[in-house]
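Welcome! Take a moment to look over the sequence and the model shown here, and then we can walk through them together.

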Amino acid sequence: MDSKEMAPGDIEGRSLEIITEVLGGRTCPPLEEPVVKRVIHTTADFSYADSLVFTHDAAHCALDALRAGATVLTDTNMALAGITKPGLARLGGTALCYMADPEVAALAKAGGTTRAVASMQRAAQEHPGAVLAVG
């Protein structure tokens, strides 16, 4: 089937199959494997299969938080765009990024810092315990 005839979900599925094929017999812990594959899919950089590091039990903790309806905070609007909002909403969660917020820009200017710093400071204050998606 030509990619022009494929639905976006089918293209994504085939992309993940190709990633699995290229990775060959490499294995990761079960909760980390889909994260590694998603990072490779997003970046087209297979070196993440060797360089991505998870702290002890991070994937399990993140999954538990998402299933509990956690808020996901991002440091960029591009990362925010990559989050599947309907899937997150089904778990009771939301995703937010404050980078484009005018209040954040004013806080950054007043504090002599960057919008990135000010946005994450605001996010941490308003959403303690949130899942951070940095990228």
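Let us begin with a lysine. Lys37 has a relative accessibility of 15%, so it counts as buried, the cut-off being under 20%. Please keep in mind as you look that this is a predicted model. You will find Lys37 in helix 2, which covers residues 33-43. Which residues does Lys37 touch, once its neighbours within four places in sequence are left aside? They are Leu16, Ile19, Thr20 and Leu23.

Now for an arginine. Arg122 sits in helix 8, made up of residues 115-126. Is Arg122 buried or exposed? With a relative accessibility of 13%, Arg122 counts as buried, because that value falls under 20%. Setting aside its neighbours within four places in sequence, we find Arg122 in contact with Tyr98, Asp101, Glu103 and Val104.

Next, let us turn to a valine. Val22 belongs to helix 1, which runs over residues 8-23. Its relative accessible area is 53%, and since exposed means over 50%, Val22 is exposed. Val22 also takes part in a nonpolar patch on the surface, together with Ile18 and Phe46. The accessible area of Ile18, Val22 and Phe46 together is about 240 Å².

With these residues in mind, step back to the protein chain as a whole. How many helices and strands does the protein chain have? There are eight helices and three strands. If you follow the protein chain from the N terminus, the elements come in the order α-α-α-α-β-α-α-β-α-α-β. The C-alpha trace spans about 55 × 40 × 30 Å along its principal axes.

What about contacts along the protein chain? Among those with a separation of 6 or more, 39% are between residues 24 or more positions apart.

Finally, consider the charges. The protein chain carries 11 positive and 16 negative charges.

Key:
Residues numbered from 1 in each chain as written. Predicted model: local features only at pLDDT ≥ 70, side-chain atom pairs only at ≥ 80, totals over all residues. Heavy atoms only, no water. Helix = DSSP H or I, 4+ residues; strand = E, 2+ residues; numbered from the N terminus. Contact = heavy atoms within 4.5 Å. Lys, Arg positive; Asp, Glu negative; His and termini not counted. Charge placed at Lys NZ, Arg CZ, Asp CG, Glu CD. Patch = residues over 30% accessible without salt bridge, like charges linked within 9 Å, V, L, I, M, F, W, Y side chains within 5 Å. Areas by Shrake-Rupley, 256 points an atom, 1.4 Å probe, with all protein chains shown as cover. Salt bridge = Lys/Arg side-chain N within 4 Å of Asp/Glu carboxyl O. Buried < 20%, exposed > 50% of the residue type's maximum accessible area, 1.4 Å probe, protein only.
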